[in-house]
Amino acid sequence: MENSGKYAVGILLTFVLLSIVMLYVFPVISMITGAKSVTGNAFSISRIAIWAVLLILFLYSLLIEKGSFLLIPEKKYSIIFNIKAVIVLYLICVFGGAVLNGLIQFLIHKEDGNKILQFTSLFKNDYFLIIFTCFTAGAVEELLMRGYIQPRIEKIYNSPLAGILVSSALFGILHSTYGTIGQVIVPFFIGVVFAMFYKKYSNIKILIVCHFMIDFVTLMAMNFIDFKHLSVF
């Protein structure tokens, strides 16, 4: 199998495995434990399952593709640049996402999905779960969506734009299990911003830190206010 074929299988495998985790991990946990609602422990297990997906794709790239997981070599920048990049990306994503959410609420008047409201109570004062969830989202999502999928799509179609748009679309679709339109559109927007940054600066660590900060601030805010629009897996 040529590289393009192996890359296509890897991308499909990533999407299928993440979809399975998102759709079925909680029902399976409920079936095993008998719990009728999602608990903090169950949510932690679901994050471990996401790490397992990353491990599978890492082994796939190593044993099947026989190459590096990250096709784009990491570029190093100064500490000042890293800090500025995180701040700028954070502001673009937060304010851009807020505007999009506002437009969606104004145009559609759609209520938040039950899943979001259910998960809100899980993070109340559970700081370990908050940190673990945010670190999982930041590291795994960025390594898979930007680090793994984006450059492979680009190579398959010989198009940087395809890499940006397809990886961002998959990122948005995987958030659709939360049941709201905003949970597709806003992650797609963030995916585009992150993908463009990754294409230009080739640094996945900055994206991981920024993604972590976006989710961490969101979940911490939920301890004090009714913050409804999560961006985490």
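At 24% relative accessibility, Phe 81 counts as partly exposed, because that class runs between buried (under 20% relative accessible area) and exposed (over 50%), taken with a 1.4 Å probe on protein chains only. This is a predicted model, in which local features need pLDDT of at least 70 and side-chain atom pairs count only at pLDDT 80 or more, while totals for chains, interfaces and linings use all residues. Residues are numbered from 1 along each chain as its sequence is written, and side-chain values use heavy atoms, with hydrogens and water left out.

**Aromatic pairs**

- Rings of Phe, Tyr and Trp (its six-membered ring) pair if their centres lie within 6.5 Å; planes under 30 degrees apart count as stacked, over 60 as edge-to-face and the rest as tilted.
- The count by this rule is ten aromatic pairs.
- One of them joins Phe 26 and Phe 43, a stacked pair at 6.0 Å centre to centre with 25 degrees between the planes.
- This pair links distant parts of the chain, with Phe 26 in helix H1 (residues 3-33) and Phe 43 in helix H2 (residues 40-63), 17 residues apart; helices (H or I, at least four residues) are DSSP runs numbered from the N terminus.
- Phe 26 counts as buried because its relative accessibility is 12%, and Phe 43 is also buried, at 1%.
- Tyr 77 and Phe 81 form another stacked pair, 4.4 Å centre to centre and with 25 degrees between the planes.
- Tyr 77 has 27% relative accessibility and so counts as partly exposed.
- Ring pairs also join Tyr 77 and Phe 81 with Phe 197 and Tyr 201 in a cluster.

**Charges over rings**

- A charge sits over a ring if NZ of Lys or CZ of Arg is within 6 Å of the ring centre and within 35 degrees of the ring normal.
- Phe 43 has the charged end of Arg 47 over its ring, 4.2 Å from the centre.
- Over the face of Phe 171 lies Arg 146, at 4.5 Å from the ring centre.

**Helix H5**

- H5 (residues 127-157) has 31 residues and spans 43 Å from its first C-alpha to its last, close to the 45 Å expected at 1.5 Å a residue; the expected span is 1.5 Å times one less than the number of residues.
- At Ile 149 the helix H5 bends by about 35 degrees, and Pro 151 follows within four residues; the bend is the angle between axes fitted to the seven residues ending there and the seven starting there.
- Of the 31 residues of H5, 24 are buried.

**Nonpolar core**

- A nonpolar core is a set of buried Ala, Val, Leu, Ile, Met, Phe, Trp, Tyr and Cys residues joined through side-chain atoms within 4.5 Å.
- The largest one has 53 residues, of which Leu 89, Phe 123, Leu 144 and Phe 194 touch the most other members.
- H5 gives the most to this core, with eleven residues.
- Leaving aside neighbours within four places in sequence, Leu 144 is in contact (heavy atoms within 4.5 Å) with residues including Leu 18, Leu 54, Phe 69 and Ile 149.

**Positive phi in loops**

- Asn 158, in the loop between H5 and H6, has a phi near 55 degrees, a positive value in a residue other than glycine.
- Asn 158 is exposed, with a relative accessible area of 70%.
- Ser 202 lies in the loop between H7 and H8 and has a positive phi of about 50 degrees although it is not a glycine.
- Ser 202 is buried, with a relative accessible area of 6%.

Conventions
Helices (H or I, at least four residues) and strands (E, at least two) are DSSP runs, numbered from the N terminus.
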